[in-house]
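Reader: I would like to go through this model with you. Show me the structure first, and then I will ask how you know each thing.

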Amino acid sequence: MHDDGVNSEMAAQRRGRFFWLLVATAVVVLDQITKYFANTMLDYASPVEIFPVLNITLHYNPGAAFSFLSDAGGWQRWLFSVIALAVSAYICVWLMRLRREQWLLSLALALVLGGALGNLWDRLFLGYVIDFVSVHWGDSYFPTFNIADAGISVGACLLLLDMVVNPESENQHE
């Protein structure tokens, strides 16, 4: 039988895991709300300048990052959907196995999970991903992206940061 300390620690672990799933859900919700507004309020491919280096411009991307395979004929929708589902399932299992003190890794995974699910939603229900954030310097443009892409990118950077600041966390198990 477990003592109260073990039971309270297990409860805290469950609350922590639930929190990270809420973070992922918040990324999905914010992503979908912003895509809805972009899709309903903007004219396709007509930039709206926000700052000299930032436009809001509606684009549809049937491919992956940087429009990879965007002209592949449609099969890529299902390939990227299967990959997103597999990665999301893997991340969920990984998140559930992390300890409470592994908060940086948990945050990174939650952001990547939310981003993957946000773009998966678009692929499954629209057949393409809605992008609308357009950053540029003069006539040089970075590929248009969305909140889900930002979540994935920030999460990936945090994963790298976690590897640097917590090199021992890879060897920590529950």
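Reader: Which residues of α4 are buried?

Author: The buried residues of α4 are Ala-148, Gly-151, Gly-155, Leu-158 and Asp-162. Buried means under 20% relative accessible area, exposed means over 50%, and partly exposed lies in between, with a 1.4 Å probe and protein chains only. One caution: this is a predicted model, in which local features need pLDDT of at least 70 and side-chain atom pairs count only at pLDDT 80 or more, while totals for chains, interfaces and linings use all residues. Residues are numbered from 1 along each chain as its sequence is written, and side-chain values use heavy atoms, with hydrogens and water left out.

Reader: What puts the buried residues on the same side of α4?

Author: Ala-148, Gly-151, Gly-155, Leu-158 and Asp-162 cover an arc of only 85° around the axis, so they sit on the same side of α4. The arc is that of the directions from the helix axis to the C-beta atoms. On the other side of α4, Cys-157, Leu-160, Met-163 and Val-164 are exposed.

Reader: Why is Cys-157 called exposed?

Author: Its relative accessible area is 52%. Exposed means over 50%, so Cys-157 counts as exposed.

Reader: Which span does α4 reach, and which is expected?

Author: Helix α4 covers residues 147-165, 19 residues in all. From its first C-alpha to its last it reaches 26 Å, close to the 27 Å expected at 1.5 Å a residue. The expected span is 1.5 Å times one less than the number of residues. Helices are DSSP runs of H or I with at least four residues, strands are runs of E with at least two, and both are numbered from the N terminus.

Reader: What is found at the start of α4?

Author: A side-chain oxygen of Asn-146 reaches to within 2.9 Å of the backbone nitrogen of Ala-148.

Reader: Which elements does the protein have?

Author: There are 4 helices and 4 strands. From the N terminus on, they run α-β-β-α-α-β-β-α.

Reader: In what order do the strands form the sheet?

Author: The order is β1-β2-β3-β4, in an open sheet with antiparallel pairing. The edge strands are β1 (48-51) and β4 (140-141), since each pairs on one side only. Strands of a sheet pair through backbone hydrogen bonds, either parallel or antiparallel.

Reader: How many bridges join β2 and β3? And how many join β3 and β4?

Author: Strand β2 (residues 54-61) and β3 pair over 6 bridges. β3 and β4 pair over 2 bridges. Two strands pair if DSSP finds at least two bridges between them, so β3 and β4 qualify with 2. Ile-56 stands opposite Val-133 in β3. In β4, the bridge partner of His-136 is Tyr-141. The hairpin of β3 and β4 has 2 residues between the strands, and Gly-138 there takes a positive phi near 65°.

Reader: Why is Ser-134 called buried?

Author: Ser-134 has a relative accessible area of 4%. The limit is under 20%, so Ser-134 is buried. Ser-134 is found in strand β3 (residues 129-137). β3 is mostly covered, with 7 of its 9 residues buried.

Reader: What does Ser-134 touch?

Author: Not counting residues up to four places away in sequence, Ser-134 touches Val-53, Leu-54, Asn-55, Thr-57, Tyr-141 and Thr-144. Contact means heavy atoms within 4.5 Å.

Reader: Is Phe-80 buried or exposed?

Author: Buried, because its relative accessible area is 11%. Phe-80 lies in helix α2 (residues 75-97). The C-alpha atoms of Phe-80 and Pro-62 are separated by 9.7 Å, and the two residues are 18 residues apart along the chain.

Reader: Where is Ala-45, and what is its phi?

Author: Ala-45 is in the loop between α1 (4-41) and β1. Its phi is near 60°, a positive value in a residue other than glycine. Most residues other than glycine have a negative phi. At 38% relative accessibility, Ala-45 counts as partly exposed.

Reader: How many disulfides are found?

Author: A search of the whole structure finds 0 disulfides. A disulfide is a pair of cysteine sulfur atoms within 2.5 Å. Cys-92 is partly exposed, with a relative accessible area of 30%.

Methods
Polar contact = N/O pair within 3.5 Å; in protein donor to acceptor, adjacent residues only side chain to side chain.
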